[in-house]
Each structure stands twice: as C-alpha cells, then as structure tokens.
Amino acid sequence: MKRETSPLNIVLLCLDHTFCKSVAGELSSRLGMFFSDCKDLIEYDLVDSQAVLANCGIVYLKERERSAIKNMLNFSSSVLSCDFDIFKHNRRCFTKKSLLVFLRLPQKCLDKKETINDIAFSSHEKYLLENADVTVDLKSKSENMATKRIIKALREEL
C-alpha cells in the first residue's frame with residue numbers, strides 16, 4: 001500500500017542489533033541521508049544511563065529514554081537503527097513520520113550474544129511483523145544484499 005505522505009525517517013528494526021546498525025549506516029550512505037542509532041543517541045542524551053538508573057530509578061530512566069526517542073524521531077532525512085527492546089517499550093513514539101522496516105533474518109543467523117532474542121525469537125519476530133510498515137526477508141547477514149532489498153522495498157512503498 002502506498003503512503004499518502006512521505007516519512008521523515010527510515011527506522012530499521014532487526015533481531016540482530018549489530019547487523020541492523022551496520023545496514024542502517026550503509027543505507028544512509030547510499031541514500032545520502034543522516035545515520036543514527038537509537039541506543040547510542042539515548043546513551044549520549046543521558047550521559048550515563050547506569051547512574052541515572054541508580055540515582056533516579058527506572059521510571060525516570062524510561063521517561064528520559066522516551067524523551068530522547070521523541071527528539072530523535074523529529075530529525076528529518078535520517079536512517080535510524082533501533083534495537084528490539086527500545087522499540088517495543090517506546091512503540092507509541094514511532095509515528096507515521098517514520099517508515100518502520102523490519103529486516104527479517106532466519107533464527108540461525110542471529111548473533112549469539114543477543115541471547116534473549118534467540119530464546120524469544122518467535123514472539124519477537126511476530127511483534128516486529130505486526131508493527132513494521134515493511135518487512136524485508138533476508139537469508140543471510142549480507143549488508144550489501146540487505147541494502148539493495150531495502151531500497152527496492154522503499155521504491156515500492158513510497
């Protein structure tokens with residue numbers, strides 16, 4: 001389904017955050033857009049999230065994270081990579097101003113450091129399938145192939 005208005009940003013979602021961040025950087029370079037990683041920008045905004053958590057508590061930390069996300073989603077012409085937990089906990093912040101693209105990898109391709117995603121693969125994948133505007137199916141972690149497929153999907157979507 002074609003969108004009536006063009007989004008300001010492209011947000012890449014994937015169950016392998018390291019791969020997602022890498023693809024987002026490559027995509028932004030090819031499209032001549034800015035690149036940011038949600039996790040990195042939140043940490044930059046908070047300076048030290050562990051200190052905020054220890055001194056102010058989880059409620060305040062989540063409030064500050066949400067504020068940082070809302071701020072970054074007001075950027076324009078940006079490709080953002082977002083990790084699953086940040087996206088899920090702040091889903092309401094991601095409006096129609098952002099095109100949500102799910103990079104769908106087979107479970108065997110997941111980075112083993114991302115254990116929670118491996119354990120809860122099915123439920124996390126289902127959540128992203130239901131919440132993304134576009135799903136790009138991938139067979140392996142090839143940044144070049146992922147970027148080409150995203151660009152093709154964007155042409156069809158926009």
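Modeller: A charge sits over a ring if NZ of Lys or CZ of Arg is within 6 Å of the ring centre and within 35 degrees of the ring normal. Keep that in mind for this structure, which is a predicted model.

Biologist: What makes you say that Lys88 lies over the face of Tyr127?

Modeller: Lys88 is at 5.2 Å from the ring centre of Tyr127. The limit is 6 Å, so the distance passes. Lys88 is therefore listed as lying over the face of that ring.

Biologist: Why is the pair of Phe87 and Tyr127 called edge-to-face?

Modeller: Two values decide. The centres are 6.2 Å apart, and pairing needs them within 6.5 Å. The planes make 70 degrees, and over 60 counts as edge-to-face. A search of the whole structure gives 3 aromatic pairs. Phe84, Phe87, Phe94 and Tyr127 form one aromatic cluster.

Biologist: What does the pair of Phe87 and Tyr127 tie together?

Modeller: Phe87 belongs to helix α5 (residues 84-89) and Tyr127 to helix α7 (residues 121-131), so the pair ties together parts 40 residues apart in sequence.

Biologist: Are Phe87 and Tyr127 buried or exposed, and how do you know?

Modeller: Buried means under 20% relative accessible area. Phe87 has 0%, so it is buried. Tyr127 has 18%, so Tyr127 is buried too.

Biologist: How do you know that the buried residues of α7 line one face?

Modeller: The buried residues are Phe121, His124, Glu125, Tyr127, Leu128 and Asn131. Seen down the axis of α7, they fall within an arc of 160 degrees, so they line one face of the helix. The face turned away from them carries the exposed residues Ser122, Lys126 and Glu130.

Biologist: How do you know that the span of helix α8 agrees with its number of residues?

Modeller: Helix α8 (residues 143-157) has 15 residues. At 1.5 Å a residue it should span 21 Å, and its end C-alpha atoms are 21 Å apart, so the two agree.

Biologist: Which residues of α8 are buried, and what puts them on the same side?

Modeller: They are Ala146, Thr147, Ile150, Ile151, Ala153, Leu154 and Glu157. Their arc around the axis is only 165 degrees, which puts them on the same side of α8. Their cover includes β1 (9-14), α1 (17-31), β4 (98-104) and β5 (134-137). Lys152, Arg155 and Glu156 are exposed, on the face turned away from the buried side.

Biologist: Why does Cys109 count as buried?

Modeller: Cys109 has a relative accessible area of 14%. That is under 20%, so Cys109 is buried. Cys109 is found in the loop between β4 and α6 (115-119). Leaving aside neighbours within four places in sequence, Cys109 is in contact with Asp16, Lys139, Ser140 and Lys141.

Biologist: What makes a set of residues a nonpolar core, and which residues have the most contacts inside the largest one?

Modeller: The members are buried nonpolar residues such as Val, Leu and Phe, joined through side-chain atoms within 4.5 Å. The largest core has 23 residues. Those with the most contacts inside it are Val11, Ile69, Leu73, Cys82, Phe87, Phe94 and Leu128. A second, separate core of 22 residues includes Phe19, Val79, Val136 and Ile151. In soluble globular proteins, nonpolar side chains tend to be buried together.

Terms used
Residues are numbered from 1 along each chain as its sequence is written. This is a predicted model: local features need pLDDT of at least 70, side-chain atom pairs count only at pLDDT 80 or more; totals for chains, interfaces and linings use all residues. Side-chain values use heavy atoms; hydrogens and water are left out. Helices (H or I, at least four residues) and strands (E, at least two) are DSSP runs, numbered from the N terminus. The expected span of a helix is 1.5 Å times one less than its number of residues. Buried means under 20% relative accessible area, exposed over 50%, partly exposed in between (1.4 Å probe, protein chains only). The arc is that of the directions from the helix axis to the C-beta atoms. Contact means heavy atoms within 4.5 Å. Rings of Phe, Tyr and Trp (its six-membered ring) pair if their centres lie within 6.5 Å; planes under 30 degrees apart count as stacked, over 60 as edge-to-face and the rest as tilted.
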